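Here is a short briefing for a first look at this structure. Keep the model open while you read.

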Amino acid sequence: MCGIAGVMDLAGRRTVPEGVVERMARALLHRGPDEEGFFRRPGVSLASRRLSIVGLADGQQPMSNEDQSAFTVFNGELFDHVEKRAELVARGHRLHTHCDTEIIPHMWEDHQEGMFERLRGQFAIALYEVNRHRLTLGRDRFGIAPLYWTRQGDWLLFASEIKGLLASGMVTAKADLHGLDQIFTFAAMPGPATCFEGVQLLSPGHYLQITPGENGTAPVIADHAYWEMDFPDRGDENIETDPRKLVDEFEQLLLNAVDKRLRADVPVGAYLSGGLDSSMIVAMACKLKGTAINTYTIRVDDPALDELSAANNTAKHIGTKPPIVQEFRASDALATYPELIQAAECPVIDTSCAALMQLARRVHANGQKVVLTGEGADEWLAGYPWYKIAKILGILDLVPGMRLSNTVRRAFLRFSKVPQYPAAFRHHLEECVGGPNAWIDSYGVLGLAKLRFYAEPMREVLAHARPWAGLGINLERASRWHPLNRGLWVGARVTLAGHLLQAKGDRVAMHSSVEVRYPFLDEAVFDFTAKLHPRWKLRGFRDKHLLRLVAERWLPPAIARRHKVIFRAPLDSFHIEPEPKYIGELMSDESLRRTGYFDVAAVRHWRKAFRQMRPGSLPRLSVEMGLAAVVATQLWHHTFIDGSLADLPTSVVASK
């Protein structure tokens with residue numbers, strides 16, 4: 001992985017101001033501590049910070065094709081670059097390095113924009129065509145590698161992280177209320193809006209082409225989709241009745257995906273939670289690479305959340321050495337959170353992200369740069385519990401012309417004494433994503449916080465914003481999918497791309513110069529699972545049914561049959577006594593009035609009232625999540641907008 005950045009003059013070919021891309025690259029040092037590289041031409045400058053993993057001795061960026069008509073800087077990994085290199089050489093191209101980056105300008109020479117649909121891996125790419133004076137930015141299908149961009153007058157800037165844009169001196173940090181509303185809608189930042197005004201996240205599966213204006217013409221900035229997530233029409237899914245055939249095919253696809261992601265010129269480790277997904281990846285990696293592979297796990301000091309025993313059982317069954325353990329306590333979440341917000345560049349509600357930040361630091365301290373992990377299995381194979389809830393509620397809707405499930409939902413909320421949106425609100429959300437969707441209930445628990453905590457400026461956003469419509473689902477296609485697959489689309493677009501691969505993936509890992517690789521996000525794995533009939537994903541109430549059948553060949557029964565455990569850290573970390581000084585300062589009446597996002601009296605009331613609510617109940621969970629989101633938003637504002645809200649721990653201030 002690397003960090004990339006650049007600036008382009010949209011009005012012609014003026015020289016990029018001195019020091020701009022150098023400052024941007026310096027802000028991304030953690031993404032690429034091994035070396036830096038720059039490309040400068042009239043009207044454009046590109047920069048790269050490199051974390052050397054493939055082609056250690058000859059992978060310096062930028063790279064070009066033979067006639068230097070195309071130059072590229074690249075963040076990510078192309079897992080089939082060896083095969084692609086052989087194809088290019090067979091077509092007459094001359095390649096001089098062992099690095100995957102070099103195939104990009106050569107493939108562009110052959111295929112132009114068609115290159116993106118031929119790439120396999122995780123990537124963010126910037127490619128400059130010298131003769132056409134055109135810049136193209138592209139991002140992988142699932143959103144593993146981040147890429148942000150902004151237009152500031154006659155300049156376009158891009159970077160792997162927003163802090164690279166801010167370091168340019170050409171971008172002022174201002175809050176985007178619609179971006180903050182995404183956090184309170186999804187507990188994620190799916191984009192393209194961000195929390196920073198004028199800064200956009202390039203959507204997964206998209207590329208952006210920038211052609212500056214010259215001789216009086218206007219610049220053109222065009223966003224294109226080269227790939228869209230799709231599923232078969234309902235009734236056209238793969239109905240295969242022979243389990244062995246499907247298990248054999250899925251097993252081989254997973255083995256191939258793991259094998260490709262073990263390709264590196266440095267040792268590759270793996271995260272091991274003891275759950276089904278990570279255990280499968282580790283078992284296959286050990287089969288392919290040998291049992292000496294390092295594994296890493298987190299031990300949370302809450303017995304209900306601790307997975308160390310399961311991780312040890314998996315390691316023992318596979319025959320590999322015990323996992324390297326990172327301890328994590330509620331106090332660690334509080335101590336780490338300011339640094340987490342700095343890394344993620346948005347409010348983060350999921351306290352376990354702080355634990356994964358510490359785990360990545362442990363990987364780095366152990367001298368490793370690359371780990372495998374199991375994200376993607378839940379997304380492709382319906383691993384989340386709300387799919388089961390939606391299935392139960394869906395039975396109520398079998399009565400023609402009636403939506404009894406909505407009546408039950410509203411009755412439950414009234415009984416639980418929590419605020420509700422108007423009855424038509426759910427219908428509006430369903431229209432935005434092509435029909436009923438399991439994630440509406442899941443995200444709705446946090447969405448109740450808007451009704452409790454928003455101050456007037458945010459309430460105005462609430463009245464007009466349409467975050468669900470902004471996800472960009474193909475409504476014509478979605479209306480023809482099975483409802484389960486509509487849920488898979490939303491989960492992949494929002495929770496996977498906007499949270500698991502960012503605040504819980506790339507951002508916390510690359511903060512410690514660690515690259516995360518995802519075998520379940522292999523393109524062939526997705527294509528296979530997308531075509532499966534839903535019963536191979538959710539059989540009755542058994543989630544990830546086909547994966548569990550594969551796992552029976554590899555793992556002990558206790559792991560293969562283990563129910564889904566969502567890795568998390570205690571949500572009440574923010575409310576432990578005695579309260580950390582900086583939390584009290586961020587949540588003070590004065591700080592809340594200064595940011596203006598939240599109702600001061602409501603925050604003050606619920607900070608006390610939630611303690612009298614029954615632990616584990618929906619009312620308490622919705623308040624706890626809302627308060628965590630308020631704290632995280634206040635901390636984000638302090639970190640990037642106005643540093644006068646609180647006195648952060650000295651260690652955090654020193655790291656900024």
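Buried means under 20% relative accessible area. By that cut-off, both Trp-636 and Phe-640 are buried. The model is predicted.

- Helix α18 spans residues 483-500 and has a kink of about 35°.
- The kink is centred on Gly-491.
- α18 is mostly covered, with 17 of its 18 residues buried.
- Helix α19 spans residues 502-510, and nine of its nine residues are buried.

- α12 gives the most, with five residues.
- By class, the lining has 10 nonpolar, five polar and nine charged residues.
- Lys-391 also takes part in a contact with a ring: its charged end sits over the ring of Phe-541, 5.7 Å from the centre.

**Cavities**

- The count comes to six cavities of 30 Å³ or more.
- The largest cavity has a volume of about 100 Å³.
- It is lined by 13 residues, and the closest to its centre are Tyr-148, Met-189, Ala-344, Cys-346 and Arg-507.
- Helix α19 supplies the largest share of this lining, three residues.
- The lining of the largest cavity is made up of eight nonpolar, three polar and two charged residues.
- The second largest cavity holds about 80 Å³ of space.
- Its lining has 14 residues, with Cys-2, Leu-51, Gly-76, Glu-77 and Asp-100 closest to the centre.
- Strand β5 (residues 70-78) gives the largest share of that lining, three residues.
- By class, the second largest cavity is lined by seven nonpolar, four polar and three charged residues.

**Aromatic pairs**

- The structure holds 27 aromatic pairs.
- A pair of aromatic rings is described by the distance of the centres and the angle of the planes.
- The ring centres of Phe-142 and Trp-227 are 5.3 Å apart and the planes stand at 80°, so this pair is edge-to-face. An angle over 60 degrees counts as edge-to-face.
- This pair links distant parts of the chain, as Phe-142 and Trp-227 are 85 residues apart.
- Phe-142 lies in the loop between β7 (134-139) and β8 (148-152).
- Trp-227 lies in the loop between β12 (220-225) and α6 (243-261).
- Phe-142 has a relative accessible area of 5%, so it is buried.
- Trp-227 has a relative accessible area of 18%, so it is buried.
- The rings of Trp-636 and Phe-640 have their centres 6.5 Å apart and their planes at 40°, so this pair is tilted.
- Trp-636 and Phe-640 both lie in helix α26 (residues 618-640).
- They are four residues apart, about one turn of the helix.
- An α-helix has 3.6 residues a turn, so residues three or four places apart point the same way.

**A ring cluster and a charge over a ring**

- Ring pairs join Phe-186, Tyr-384, Trp-386, Tyr-387, Trp-439, Tyr-443 and Trp-468 into a cluster.
- Arg-452 lies over the face of Trp-606, at 4.9 Å from the ring centre.

**Ala-465**

- Ala-465 is found in the loop between α16 (456-464) and α17 (475-478).
- Is Ala-465 buried or exposed? Its relative accessibility is 19%, so Ala-465 counts as buried.
- The C-alpha atoms of Ala-465 and Glu-66 are separated by 49 Å.
- Along the chain, Ala-465 and Glu-66 are 399 residues apart.

Terms used:
Residues numbered from 1 in each chain as written. Predicted model: local features only at pLDDT ≥ 70, side-chain atom pairs only at ≥ 80, totals over all residues. Heavy atoms only, no water. Bend = angle between axes of the 7 residues up to and from the residue. Helix = DSSP H or I, 4+ residues; strand = E, 2+ residues; numbered from the N terminus. Buried < 20%, exposed > 50% of the residue type's maximum accessible area, 1.4 Å probe, protein only. Nonpolar A, V, L, I, M, F, W, Y, C, P; charged D, E, K, R; others polar. 1 Å grid on protein atoms, 1.4 Å probe; cavity = no way out; pocket = protein on both sides within 12 Å on 5 of 7 lines; lining within 4 Å. Points joined across faces, edges and corners; volume = space filled by probe spheres on them. Phe/Tyr/Trp six-rings, centres within 6.5 Å; stacked < 30°, edge-to-face > 60°. Lys NZ or Arg CZ within 6 Å of the ring centre and 35° of its normal.
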